Each structure stands twice: as C-alpha cells, then as structure tokens.
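Please keep the sequence and the structure in view while reading.

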Amino acid sequence: MAQRRARLRLVDVAERAGVSIAAASRALSGSAGVSDEIAQRVREVAAQLGYVANVHARTLAGGASTTVGLLVHEIGDPYFTEIASGVLRVGAQQGLTVQICHTGRDPDSELVQVRTLIANRVRAIVIAGSGFVDARMQSSVKKDLQAFQETGGRVAVIGRHPLGTDAVLPDNLAGGRSITEHVLSLGHRRIAFVVGPKALTTVADRLAGVDQALGARGLSVDDMPVIEAAFTREGGTAATRRILDEHPGVTAVIALNDDMAIGVLAALRARGIAVPEQMSVAGFDDVAVAEHLSPALTTVRLPMTEMGEQALLLALKSPSARPRRRATTHELVVRESTAAPRSR
C-alpha cells in the first residue's frame, strides 16, 4: 500500500477526476480558478487514492512545513492545558507553530480534526488524551494516520490508543491503585468513585488500579458506588449529588481526574458537608490548581508538562521499525482533603 501511494502522481489524480493537471493542482492547493464542483471532485479522488498525503510529503521534502497539530479532548481541562504547555515549549524551541484542536472526546470529531490537520499539511500530529476501549471507534482515524505516516507525516499520542503510533503512557493503572490504597489506609471502606465514560482507556486503566487495591483488602469495585458522568467539573458535581442522594453511607469519594474532583468539592460545599471532617475527597492528575483549593486536594501527580514535551519530541524523531513507548511515573500527593473517617 505504501509503495502504491508513493508511485501516485498528480497526473493520476487529474486523469481519474477527468480534469487537467493544472486544474487538479489548483483544486488541491485551494487556489482560485476552478469551480467548487470540480474542486470537490478532485479532492474526493485524491483522498480515495491517498494523494493528499503525497502532497503533504512534498511539502515536507521542501522544508516548508513549520506547523504541528495538537488534538486535545477538552481545551478547558487543566490536564490538557498543562500538556499543551509542554508541546508549545518544544514547538517554540524547534521554531514550530502549534495548531490546537478540540475533540470533546467524540471519535467523529476526532476524525474531522485529524483530516483537517492533514489537509493543512502539518508536519506532525500529537493526540493528547484517552483512546477508546473499543478499537473500532478509532478505526477510521487509524487508517488516515497510517496513510499520513506512510508518506512522511509523524504521529505521537499521549495515553493508551489502538493507533499503532509512538506513545507516552501515563501511569494510570498504578496511580489508580495508589490513590485507593491511600484512602483505604485511612480506614475508609464505604468509598464512592466518580468516573468519566468507561469507554475511555484512561478510565478503564484507572479503574483497574482501583480494583487491584480493593482486591488486596478483600473488596471489589463492583461492590462500591461507581458513578459515571462527563469527565468534567460539571460531571463531578452531578455525580456527587447522586452519591449523596442514593448512597448516604459513603465516607470518601475518589474522582478519576482533578477536574471532576473540583466538581465533587463544589457539590459537597453546596450541601454543607465539611471536607475532610465529614467526607474525604481525592482526585487524579495534580493539576496546578489542586494545591490551592480549600481544602487542598489529595491526588495523584502525573508529569503532564513533560508528557507534552516527550510526545512532540517523539513526533519529531525519524520513524522507527516499531512504535516507541515512553512510560511515565506517578506520585501520590497527600494534602488536606483526606482524613480518617469520623466515628459514627
């Protein structure tokens, strides 16, 4: 397939589309001089043949591409803000412009954004954020990224993805185990978990770590309230309201990201529940604001800025025979939001 794409020429696209070479060139470059109908037909033929990626490869060969793309799930989530800062830092060092796109954790939106970046002839693409447990949800993205790489583009991801690319892998499973062990060590046994969509590999991996810690104490995550909501501050607030209404015996809440944990704290404050005196709260990621909350948030620290740096550096390297993996560490950060449960 790669050899077939490499042999494609502009004349092949023009002949298949039934237009002149000049018209095909103008259509693919976005220049004036061709009708919208012809431009659309040429682009469709080029996409079918894989020629868009070859145009990109020629741009790279000429040294003209100084832009890289960064896809994030939630632009307002501090987790992605810190990752983006790392990507931007390396981009500035390398004299590159970083184009940031927002997917909203929607695989269809992810596909649109990837295709837009490829059409814009970026040099490399970094995808930050979780993959999907069901690999079929990213099959179209995988196909497009493979074509992009076959003709000179570079890709790296942050998180566990079924995309077959270089990856920076956050320590999600071990982090989930660490935060749960901490809460258990304080004496909590009635723990609720506030989680994002279980279709995400990040959530699946963090929950697997939770279950390992519970299993070591003869417990199971299946026996605990696990409230699924949007992986956002608002999701954390909504999930906490459910916990308070449906599971009044809970003494601790573990949120699987800090943004949700902030929402948990907001919901508890609105109900007049003191933290940690009446309810312990823990998060995951250690975003910059976590230590400045009241009370300061107990959480798992991931090196988010460094993750962004590593991902772009991987994407700027020459391709290797096999996808490269860079695993991160994690650190349990104990602050004021967790304490032993109050006697009842």
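Helices (H or I, at least four residues) and strands (E, at least two) are DSSP runs, numbered from the N terminus. On that basis the protein chain has 13 helices and 12 strands. This is a predicted model, in which local features need pLDDT of at least 70, side-chain atom pairs count only at pLDDT 80 or more, and totals for chains, interfaces and linings use all residues. Residues are numbered from 1 along each chain as its sequence is written, and side-chain values use heavy atoms, with hydrogens and water left out.

The C-alpha trace spans about 80 × 35 × 35 Å along its principal axes. Of the 344 residues in the chain, 53% are buried (under 20% relative accessible area; exposed is over 50% and partly exposed lies in between, with a 1.4 Å probe and protein chains only). Contact means heavy atoms within 4.5 Å. Among contacts between residues at least 6 apart in sequence, 76% join residues at least 24 apart.

**Helix pairs**

Two packed helices are described by the angle between their axes and the distance between the axes. The axes are lines fitted to C-alpha atoms, for helices over the stretch in contact, and the angles run from 0 to 180 degrees between N-to-C directions.

| Pair | Angle | Axis distance |
|---|---|---|
| α7 (residues 107–119) and α8 (residues 139–150) | about 15° | 9 Å |
| α2 (residues 10–17) and α4 (residues 36–49) | about 125° | 9 Å |

Angles under 35 degrees count as roughly parallel, over 145 as roughly antiparallel, 65 to 115 as roughly perpendicular and the rest as oblique. With an angle of about 15°, α7 is therefore roughly parallel to α8. On the α7 side the contact is made by P107, E110, L111, V114, R115 and I118, and on the α8 side by S140, V141, D144, L145 and F148. These comprise 7 nonpolar, 1 polar and 3 charged residues (Ala, Val, Leu, Ile, Met, Phe, Trp, Tyr, Cys and Pro count as nonpolar, Asp, Glu, Lys and Arg as charged, and the others, Gly among them, as polar).

The helices α2 and α4 are oblique to each other. Here D12, V13, R16 and A17 of α2 meet R41, V42, V45, A46 and L49 of α4. This contact has 6 nonpolar, no polar and 3 charged residues.

**Single residues**

R105 sits in the loop between β2 (97–102) and α7, and is buried at a relative accessible area of 14%. Its side chain makes a polar contact of 3.4 Å with the side chain of E74 (a pair of N or O atoms within 3.5 Å; within protein, one must be able to donate a hydrogen and the other to accept it, and residues adjacent in sequence count only if both atoms are side-chain atoms). Beyond four places in sequence, R105 touches residues including H73, D77, F132 and F231.

D286 belongs to the loop between β9 (280–282) and β10 (299–301). Which side chain makes a polar contact of 3.1 Å with the side chain of D286? The partner is R335. D286 is buried, with a relative accessible area of 10%. Leaving aside neighbours within four places, its contacts include E82, D258, T299 and M304.

V264 is part of helix α12 (residues 258–270) and is buried at 0% relative accessibility. Outside four places in sequence, V264 is in contact with V194, G236, T237, T240, V253, A255 and V281. G283 is 19 residues from V264 along the chain, and their C-alpha atoms are separated by 9.5 Å.
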